[in-house]
Each structure stands twice: as structure tokens, then as C-alpha cells.
Amino acid sequence: MGDAIELAAGGYRAVVSRRGAALCGLTHEGRDLVWGYPPEQAPASYQGQLLAPWPNRIADGRYRFGGLEHRLEVTEPERGTALHGLVHAVPWLPVEIAGDRATLTHLIDGAPGYPFRLELSVTYALDAAGGLEVAVEARNTGDGAAPYGVGAHPYLRVPLPLDDAVLRLPAGKRLPVDGRLLPDGPPEPVAGTEHDFRTPRRIGTTAFDTAFTDLERDAEGRAWTVLAAGGRAVGVWADRSYGWLQVFSAEGLPGGLARSAFAVEPMTCPPDAFNSGTDLLVLEPGAAAVRSRFGICAVDPGEV
């Protein structure tokens, strides 16, 4: 399988690609938990990708940091934005591979519009009881402070059409956006709107390409999103470092893929955080690495 790394624990199986350190597949008892892709092929619509040193969009590819203006490549020309960071299409170096876990690293050593030096690492770990955990670390090894955010782009799969699935989404606020999907005001309460899924209910025709925050958490500090249908359920949890979830119901995907999967993207900051500064991390040189964790697992549908 070329660049593929295969992991297993109990009934779980995962495939990780060295290209972008991406999650190409995750199954439980032979059933897909995510919309995956063959690791020898390029992903569609950022399937399973890691998004760093920023998730989501930066308006016009421009931002100011440290008193200077920086100009990134506009990678989403139809909206005029720099989308999803710098690392999803580059090779990562495996530094540790075992049967149930793998750690890969990548060095950002300056790039057009991002003249900073970061060491990144990601560990994918499977547990027979808890499923998949993904831990991302970033350390500034340069000479000056660096702006940073991270996210991930898994798509969940259930056997029934998305309209018939039941969603539990632990978010009290959503971010209004303009036609370019950039922030258009402060987060607004979801109470009384079609995007309030704090109490599980059927998705129906509700469409999502939406950043959510004000996340409810369990005793361990994890915010749980659960998608259930056809007697099966899959959950995504995110630790406290992830204060945002971008949720995307896959409208507009080509080839009959529209609304065939459901992206739940943990993010440490919202869209355009390099400009707004909202929840933006500033990594100082020589400081300890920052760490973020999320996970995906099969869930008892009776608990949704």
C-alpha cells in the first residue's frame, strides 16, 4: 500500500498516509466509521486531513503579525482565501510505528506568507475499548513568535442517508458567516434555531458549513459529537484545546457524494483567526510544545 501505515487494536482498524499524515480509513468490526480513501490516491474535499498551522480560511490570504503584513497563497480562488494550512499535501516522516500506534513528524521551515519554523508531530493510537485517539503537538524552533492553530477534517459515515441520521452536537453558539464563509459577526446562540442539536434529533434537511463554539463537555473535558443511524453510531470527541467544531454536511460535493458523509472538524480557533486573533495561539521560541487531542470511536446507539 505504498505510503500507508496500518494499525489495529481489538475490532478497530485504521490506515494513515504519510502524505499529510492523514487518516485514510477507520473501521470497527469491519464497518466504516469515516469516509475514507485509498492511500495511494489523493483525498477528496480534505478527507481525513490535518490542518496546520491554521484550520479553515484566511481572508485574501493576508494577515498582520509582529507588525508585518504576510501574504499567503490563495488556495481557494473561488472565495479568495487561503484554506486549511500548509501540511495536508506534504510528506511526513514516520518516527515510530507499532501495531496499534504511529507517530509522524513534519518541519515547517518557512513558507511564502508564513516565515516561521515549527516542528509538528502527530500520534495516531488505537485502543480496543476507546477507538482512535489523535494527538498533535507543535513546537516553535525558530527565533521569534509564531501564530498557530490546528484542526482536522474527518468525515463520519453511517449506513442511512444523512437526512435520516440523528445528530447530537454539543454546541451552544454558531459563527455567522458571509458568502465567502468568513466571520460576519460574533458567535450567536443556537437556541431556537435549526442548528440546535444539543438534544439529539434527526438532521432532516438542515445544511451545515458552520463553525460552532460554546461546547458542552464531559467530566474529562471532552466535547462529544455523535451521529447515529441504522442501529449504528459514531462519535467524535475533542479535548479542551479544541474550542471550535466546523460541521459540514457535504453539500455540493461532485459525483453523487453530496450529503453522503458528515464532517466534524475539531479546531483550536475559528475561521480567519490570523486576522481576528480569536483563540489564536502564539507560540514562543523555546517554549514547551502545545498539544491537542481528539478521537473517533464506535458508540452504542442506545446512548445517543
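Predicted model: local features only at pLDDT ≥ 70, side-chain atom pairs only at ≥ 80, totals over all residues.
Let's start with the open spaces. The largest pocket has a volume of about 330 Å³. It has 20 lining residues, and the closest to its centre are Ser-45, Arg-57, Glu-76, Arg-79 and Leu-83. Sorted by class, the lining of this largest pocket has 7 charged, 7 polar and 6 nonpolar residues.

Next comes the second largest pocket, with a volume of about 160 Å³. Here 14 residues make up the lining, and His-28, Arg-31, Arg-232, Ala-233 and Ala-298 are the closest to the centre. Two elements give two or more residues each to the lining of this second largest pocket: strand 4 (31-32) and strand 23 (232-238). Strand 23 gives the largest share, with 3 residues. By class, there are 7 nonpolar, 5 charged and 2 polar residues around the second largest pocket.

**The cavity**

The largest cavity has a volume of about 50 Å³. Which residues line the largest cavity? They are Leu-23, Gly-48, Gln-49, Leu-50, Tyr-124, Val-134, Ala-152, His-153, Pro-154, Phe-294 and Ile-296. Three strands each supply at least two residues of that lining: strand 5 (49-51), strand 15 (151-153) and strand 27 (290-298). As for class, the lining of the largest cavity has 8 nonpolar and 3 polar residues, with no charged ones.

Here are the lining classes in one place:

| Space | Nonpolar | Polar | Charged |
|---|---|---|---|
| Largest cavity | 8 residues | 3 residues | no residues |

**A strand hairpin**

Let's finish with a hairpin. Strand 7 covers residues 62-65 and strand 8 covers residues 68-71, and the two pair in the antiparallel sense over 4 bridges. Across this pairing, Arg-64 stands opposite Glu-69 of strand 8. And what lies at the turn? The hairpin has 2 residues between strand 7 and strand 8, and Gly-66 takes a positive phi near 60° there.

Conventions
Residues numbered from 1 in each chain as written. Heavy atoms only, no water. 1 Å grid on protein atoms, 1.4 Å probe; cavity = no way out; pocket = protein on both sides within 12 Å on 5 of 7 lines; lining within 4 Å. Points joined across faces, edges and corners; volume = space filled by probe spheres on them. Nonpolar A, V, L, I, M, F, W, Y, C, P; charged D, E, K, R; others polar. Pairing = 2+ DSSP bridges.
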